[in-house]
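Please look over the structure below before reading on. The paragraphs after it are meant to be read alongside the sequence and the model.

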Amino acid sequence: MLLWEEYRADYAHLQTYSYSQFCDNYRRFAKKLKRSMRQIHRAGEKLFIDYAGPTIGLTDGSRAHIFVAAMGASSYTFACATPSETMADWLDSTARALSYISGVPALIVPDNPKAMIADANRYEPRANDTVLDFARHYGTSILPARPRHPQDKAKAESAVQIVERWIMARLRHQQFASVHEVNKAITPLLKLLNEKPFQKLPGSRASAFAELDVPALLPLPVQRYEMARFKTVKTHIDYHVEVERHRYSVPHALVGQVLEARITTSMVEILHRGQRVASHARSSRQGGFTTISDHMPAAHRAHMEWTPQRLIHWGQSIGPATAVAVTRLMEENKHPEHGYRACLGLLSLAKRYGKPRLEAGCTLALQIGACKYRHVRDILANNRDQSTPTTASDWISPHHAHVRGPDYYQ
């Protein structure tokens, strides 16, 4: 009993609370612990992008999703409608935003949408290959905000709120048949929003943008980004890689290497360690081949360059008889390619015996009606081309008792 009295005396000055009172007091206390850092945005440095939560209904039952972008320094805002929130929608909308501001910021800051970010790591976030390719095209970088930290992109959150209140709220009673109609309705309202004066600052978003961001923005590339996707491919022994059942050539030195194919609507580019090694017009012919002669080994390229006309021209450079012999070799075969090797063998005799002797050998072969490679080779090997040829007009019959002259028949 004495201990209880002492306990009551020691804690009598403390006030007791019910559970609800305790929670209410704790919430007020916790609010005092929160600190918010004021971010300073440099001119032309960051473009914050995000999608609004609410959507706009279309007459066919689908929904138009509203993309929002805002510059960090001036809060200059862009908005457009897309049919969904896929990677293609994100990148196309971002490209439209860059065209709207007529420049490129140093950084583009999204949150962590699965459509764009392959690994939403807190410390080393990694965008997917197509998003990185988009950034390379525009000469900028993608810097995702930390997961579950909306304060990292407060400008985007604020811009989304303003677009919902000043644009989407005004369109809530209108009916739209397509996303294109929604964008037509957004365009004039967007201009009014950016020219609306600030409440506590001089000027407007448009004037602040012209003063701060415009001089610091990088120039836009000549061409707008074309959506690309990437695929890992391996070079076959015929120095071709397969993309969508069509084969495209690469330099023959890359046989067996694992490469990366960048595929757009009109082009197929082959990359090796980030460097482009081949570029082809995209083909839809399955099972076909697209080959560039420069990618072929020298021997293969030489073989592809052989044509009947070229071989005949080569023969003409040696002499007319050689050209006739080559032509006959071509004509004797059902297909010209059957005579290629025979012609090459015939013409190669010039290296061993010289052009004059080859021409003489072909002349003799044509006279006796045997102009195949082995016939000309034997003539040259036996030096028959170097003997003095005789003709019927030069031959004189020798005197003999059994030979009767023209007088016998008189």
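Predicted model: local features only at pLDDT ≥ 70, side-chain atom pairs only at ≥ 80, totals over all residues.

Residues are numbered from 1 along each chain as its sequence is written, and side-chain values use heavy atoms, with hydrogens and water left out.

The protein chain contains 13 helices and 14 strands, where helices (H or I, at least four residues) and strands (E, at least two) are DSSP runs numbered from the N terminus. Of the 410 residues in the protein chain, 37% are buried; buried stands for under 20% relative accessible area, exposed for over 50%, and partly exposed for values in between, with a 1.4 Å probe and protein chains only. The protein chain exposes about 26,200 Å², of which carbon and sulfur atoms supply 53%, the areas coming from the Shrake-Rupley method with a 1.4 Å probe, and for residues only the protein chains shown count as cover. Among contacts (heavy atoms within 4.5 Å) between residues at least 6 apart in sequence, 60% join residues at least 24 apart.

The strand pairings can be taken in sequence order, with two strands counted as paired if DSSP finds at least two bridges between them. Strand 1 (residues 46-57) is joined to strand 2 (residues 63-71) by eight bridges, and the two run antiparallel; isoleucine 56 has alanine 64 in strand 2 as its bridge partner. These two strands form a hairpin with five residues between them, and glycine 61 in the turn has a positive phi of about 95°. On to strand 3 (residues 77-82), strand 2 pairs in the antiparallel sense over six bridges, with histidine 65 opposite threonine 82. Strand 2 and strand 3 likewise form a hairpin with five residues between them, in whose turn serine 75 has a positive phi of about 65°. Eight of the nine residues of strand 2 are buried, so this strand is largely enclosed by the rest of the structure.

Strand 10 (residues 246-249) and strand 14 run parallel and are joined by two bridges, and arginine 247 has phenylalanine 289 in strand 14 as its bridge partner.

Strand 12 (residues 267-272) is mostly covered, with five of its six residues buried. Four bridges join strand 12 to strand 11 (residues 258-263) in an antiparallel arrangement, forming a hairpin with three residues between the strands, and isoleucine 263 has valine 268 as its bridge partner. Strand 12 also runs antiparallel to strand 13 (residues 275-281), with six bridges between them, and glutamate 269 is partnered by serine 279. In this hairpin, which has two residues between the strands, arginine 273 takes a positive phi near 55°.

Where does histidine 295 lie? Histidine 295 is in the loop between strand 14 (289-290) and helix 8 (298-305), and it is buried, with a relative accessible area of 8%. Not counting residues up to four places away in sequence, histidine 295 touches Tyr239, Ser249, Val250, Pro251, His252, Val277, Ala278 and His280.
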